[in-house]
Structure formats: structure tokens, C-alpha cells
Amino acid sequence: MPSSVINHYLYFPETEILRIIYQSGAVYDYLNVPQEIFDRFRSIQSKGRFLNYVIKPKFKYRKVE
């Protein structure tokens, strides 16, 4: 999963939280992300683009300290 933006990601299906760890070290949780959206994210080649155009505009998020 080489990405210039995303270092790593985790998905918690029980809470529908998608955690993105950015290359900068910042960590954000995207809330109420359905399993089917995560499955698309996981399978797509350009994860940064999918994050910017599909996930960020539609799902609330919070910075993890």
C-alpha cells in the first residue's frame, strides 16, 4: 500500500471507525464508515484520492491525540 499521504490504516468494524495514520504522523478517525466503503477503500489503488473524494466529504472525523 505505498501512498504519499497515508502511512497506515486500521478499520474497526464493530464501531465503523476508519483510522488513518498519515505520513506526517497525524492520526485521524473517520466515523460511521460502513464496511462496504472500507472494502472499496482497501481494494482501490489510489487510497489518498479515495480518501479525499469519497471519505473526507461524507464522514465526520476527529484527530486522535
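Where is the place of K47? I found K47 in helix α2, residues 47-58. Helices here are DSSP runs of H or I with at least four residues, strands are runs of E with at least two, and both are numbered from the N terminus.

**Ground rules.** I noted that this is a predicted model, in which local features need pLDDT of at least 70 and side-chain atom pairs count only at pLDDT 80 or more, while totals for chains, interfaces and linings use all residues. Residues are numbered from 1 along each chain as its sequence is written, and side-chain values use heavy atoms, with hydrogens and water left out.

**Whole chain.** I listed two helices and four strands. From the N terminus the order is β-β-β-α-α-β. The radius of gyration is 11 Å, close to the 11 Å of the globule rule for 65 residues, so the chain is as compact as a globular protein of that length. That radius is taken over C-alpha atoms, and the rule is 2.2 Å times the number of residues to the power 0.38. The C-alpha trace spans about 30 × 25 × 20 Å along its principal axes. Of the 65 residues, 35% count as buried. I use buried for under 20% relative accessible area, exposed for over 50% and partly exposed for in between, with a 1.4 Å probe and protein chains only.

**K47.** I looked for a charged partner. K47 is buried yet has no salt bridge, a salt bridge being a side-chain nitrogen of Lys or Arg within 4 Å of a carboxyl oxygen of Asp or Glu. The nearest side chain of opposite charge is D39, 11 Å away; Lys and Arg count as positive, Asp and Glu as negative, and His and the chain ends are not counted. The K47 side chain does reach the backbone oxygen of I44 at 2.9 Å.

**Salt bridges.** How many salt bridges does the structure hold? I recorded three. D29 and R19 meet at 2.7 Å, N to O. This pair links distant parts of the chain, with D29 in strand β3 and R19 in strand β2, 10 residues apart. D29 is buried at 2% relative accessibility, whereas R19 is partly exposed at 23%.

R62 also pairs with D29, at 3.6 Å, N to O. R62 lies in strand β4 and D29 in strand β3, so this bridge ties together parts 33 residues apart in sequence. R62 is partly exposed, with a relative accessible area of 41%.

The remaining entry is D39 with R42, whose closest N and O atoms are 3.0 Å apart. Both residues lie in helix α1, three residues apart, about one turn of the helix. Salt bridges that share partners join R19, D29 and R62 into one network.

**Loops.** I then checked K60, in the loop between α2 and β4 (61-63). K60 is exposed at 69% relative accessibility. Leaving aside neighbours within four places in sequence, K60 is in contact with D29, Y30 and L31, where contact means heavy atoms within 4.5 Å.

N32 has a positive phi of about 60° although it is not a glycine. N32 sits in the loop between β3 (27-30) and α1 (35-43), and N32 is exposed at 53%. I noted a positive phi near 55° for E16, also a residue other than glycine. E16 is in the loop between β1 (6-12) and β2 (17-22) and is partly exposed at 30%.

Definitions and conventions
A polar contact is a pair of N or O atoms within 3.5 Å; within protein, one must be able to donate a hydrogen and the other to accept it, and residues adjacent in sequence count only if both atoms are side-chain atoms.
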